[in-house]
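Subject: Structure handover

Hello,

Here is the structure I promised to pass on.

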Amino acid sequence: MALPKPVLRLLFILTAVLSYLAYDHFSSLMTPSPEAEAAAEAFFTQHYQSNTQGHTNNWAVLVCSSRYWFNYRHMANALGMYRTVKRLGIPDSNIILMLADDAACNTRNRFPGSVYSNKGKLLDLYGENIEVDYRGYEVTVENFIRLLTGRVSPTLPRSKRLLTDDRSNIFLYMTGHGGNEFLKFQDNEEISAFDLADAIEQMWQKKRYNEIFFMIDTCQANTMYSKLYSPNILATGSSKLGENSYSYENDPDLGVAVIDSYTHHVLSYLENVNKSSQLTMQDLFSTYNFHQIRSHAGVRTDLFNRGLDKTLLTDFFGGVAQVEVVDEQVSSGEPSSAQASPKVEPEASRPPKQPRAIQNPQKARPKSTIPSSSDSNPLINQAKGWGALLALSGLFVWSMKRAEV
């Protein structure tokens with residue numbers, strides 16, 4: 001038996017009213033309270049301000065400038081650093097490895113396809129998960145300087161480019177045979193301390209780095225950073241002027257030294273560091289000891305803007321999981337700011353030793369794209385509810401007319 005039409009009308013109106021009340025109730029629950037919004041704002045403000053150094057990505061450039069079997073230890077040095085920065089979170093896409101790569105498959109190697117840094121052979125540094133970007137005779141002074149300055153051929157693969165910007169922290173590690181203000185490349189050519197200093201200055205002028213941590217392990221290593229003059233550079237070396245840098249131990253099975261003392265000391269310390277470590281550069285440098293390294297390791301800090309006790313090891317050795325949100329929209333026909341050619345500023349317009357970090361994070365912090373409670377107007381919500389109610393009423397009237405027909 002069908003219900004009378006007046007009863008159906010009453011039920012329909014009751015259903016519409018209840019639907020609106022439910023909509024109004026749940027929409028009020030979904031609107032964040034002022035207290036919750038203030039707490040979220042405080043959290044993200046604190047997180048933004050904690051990134052005082054202003055960098056958003058880390059890169060590593062690892063250079064072994066030697067070749068030939070008797071320089072086995074230099075390849076182990078570079079591969080040891082490669083393993084460490086990967087373990088701490090820097091991806092292969094942000095690591096440039098320059099290596100002669102003639103040790104793992106050398107006919108004198110009793111352990112083909114492997115490179116070890118200790119005579120106990122506890123860890124194979126070569127393994128199956130290694131990406132050498134510049135191999136063999138590609139390891140030249142010209143390629144190294146072009147890599148740093150970005151003056152490369154348009155046909156060069158992206159994997160061989162240092163795609164950094166003014167928010168990039170770079171760990172630059174070099175090892176090989178050297179002397180007073182020079183480092184040899186494969187016993188064929190050499191790079192001087194002046195060449196390195198000028199290349200890094202070009203990087204600064206072209207906004208290719210935020211901060212650089214330069215580490216070198218060679219004889220008279222400290223002379224290689226003596227000519228640097230660009231801002232935001234922290235440098236350390238294995239030995240002072242007139243002093244040799246010695247190997248750590250020999251492997252009787254291989255017949256050669258397998259790692260240098262300075263690099264062995266640094267890698268041993270970094271084994272105690274993880275991705276969330278709070279250890280600083282000061283902690284690392286305070287472990288330098290002549291009796292362990294067998295040379296006088298040095299540190300240069302006058303070009304660096306931050307205190308060593310405030311600079312985390314992971315600021316250079318680890319990965320960065322921060323993003324930067326901007327309000328600007330890039331059109332499809334124009335390159336983004338990261339891809340566009342950087343604008344070189346006059347030296348006088350930029351005071352030296354000043355990082356390009358945001359000076360006032362509270363003012364410069366980009367606005368959140370998440371709508372706040374202020375965007376939710378109560379009058380608009382009520383209008384939406386009554387509009388839905390009128391639509392349902394119109395639908396009911398139309399259905400009743402159809403029924404009478």
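The notes below go through helix packing, aromatic rings, salt bridges and one serine. Please keep in mind that this is a predicted model.

**Helix 4 and its neighbour**

Start with helix 4, which covers residues 141–149. Its partner is helix 5, residues 193–205. The two pack at an angle of about 25°, and their axes are 8 Å apart. Angles under 35 degrees count as roughly parallel. Helix 4 and helix 5 are therefore roughly parallel to each other. From helix 4, the contact uses Phe 144, Ile 145, Leu 148 and Thr 149. From helix 5, it uses Asp 195, Leu 196, Ala 199, Gln 202 and Met 203.

Which residues of helix 4 are buried? They are Val 141, Phe 144, Leu 147, Leu 148 and Thr 149. Arg 146 and Glu 142 also sit in helix 4, four residues apart. That spacing is about one turn of the helix. These two form a salt bridge, with the closest N and O atoms 3.0 Å apart. Arg 146 is partly exposed, at a relative accessible area of 36%. Glu 142 is partly exposed too, at 48%. Just after helix 4 comes Gly 150, which takes a positive phi of about 80°.

**Aromatic rings**

There are 14 aromatic pairs in the structure. Take Phe 144 and Phe 185 as an example. Their ring centres lie 6.1 Å apart, with the planes at 40°, so this pair is tilted. Phe 144 belongs to helix 4, whereas Phe 185 belongs to strand 6 (residues 182–185). The pair links distant parts of the chain, 41 residues apart. Phe 144 is buried, with a relative accessible area of 0%. Phe 185 is buried as well, at 1%.

Now look at Tyr 262 and Tyr 288. Here the ring centres are 5.7 Å apart and the planes are at 65°, so the pair is edge-to-face. Tyr 262 lies in helix 6 (residues 261–270). Tyr 288 lies in the loop between helix 7 (281–285) and helix 8 (290–293). The pair therefore ties together parts that are 26 residues apart in sequence. Both Tyr 262 and Tyr 288 are buried.

These two tyrosines belong to a cluster linked by ring pairs. Its members are Phe 171, Tyr 173, Phe 213, Tyr 262, Phe 285, Tyr 288, Phe 304, Phe 316 and Phe 317.

**Salt bridges**

The structure holds 14 salt bridges. Asp 251 and Lys 121 form one of them, and their closest N and O atoms are 2.8 Å apart. Asp 251 lies in strand 10 (residues 247–251), and Lys 121 lies in the loop between strand 2 and strand 3. The pair therefore ties together parts that are 130 residues apart in sequence.

Are the two partners buried or exposed? Buried means under 20% relative accessible area. Asp 251 has 2%, so it counts as buried. Lys 121 has 18%, so it is buried too. Both take part in a network of salt bridges that links Arg 110, Lys 121, Asp 251 and Asp 253.

Glu 138 and Lys 160 meet in another salt bridge, at 2.6 Å from N to O. Glu 138 is in the loop between strand 3 and helix 4. Lys 160 is in the loop between helix 4 and strand 4 (168–175). The pair links distant parts of the chain, 22 residues apart. Glu 138 is partly exposed, with a relative accessible area of 30%. Lys 160, at 17%, counts as buried.

**Ser 117**

Last, find Ser 117. This residue is placed in the loop between strand 2 (95–99) and strand 3 (134–135). Ser 117 is buried, with a relative accessible area of 15%. What does Ser 117 touch, not counting residues up to four places away in sequence? The contacts are Ala 76, Leu 123, Leu 125, Glu 249, Val 258 and Ile 259.

Best wishes

How values were computed: Residues are numbered from 1 along each chain as its sequence is written. This is a predicted model: local features need pLDDT of at least 70, side-chain atom pairs count only at pLDDT 80 or more; totals for chains, interfaces and linings use all residues. Side-chain values use heavy atoms; hydrogens and water are left out. Rings of Phe, Tyr and Trp (its six-membered ring) pair if their centres lie within 6.5 Å; planes under 30 degrees apart count as stacked, over 60 as edge-to-face and the rest as tilted. Buried means under 20% relative accessible area, exposed over 50%, partly exposed in between (1.4 Å probe, protein chains only). Contact means heavy atoms within 4.5 Å. A salt bridge is a side-chain nitrogen of Lys or Arg within 4 Å of a carboxyl oxygen of Asp or Glu. Axes are lines fitted to C-alpha atoms, for helices over the stretch in contact, and angles run from 0 to 180 degrees between N-to-C directions. Angles under 35 degrees count as roughly parallel, over 145 as roughly antiparallel, 65 to 115 as roughly perpendicular and the rest as oblique.
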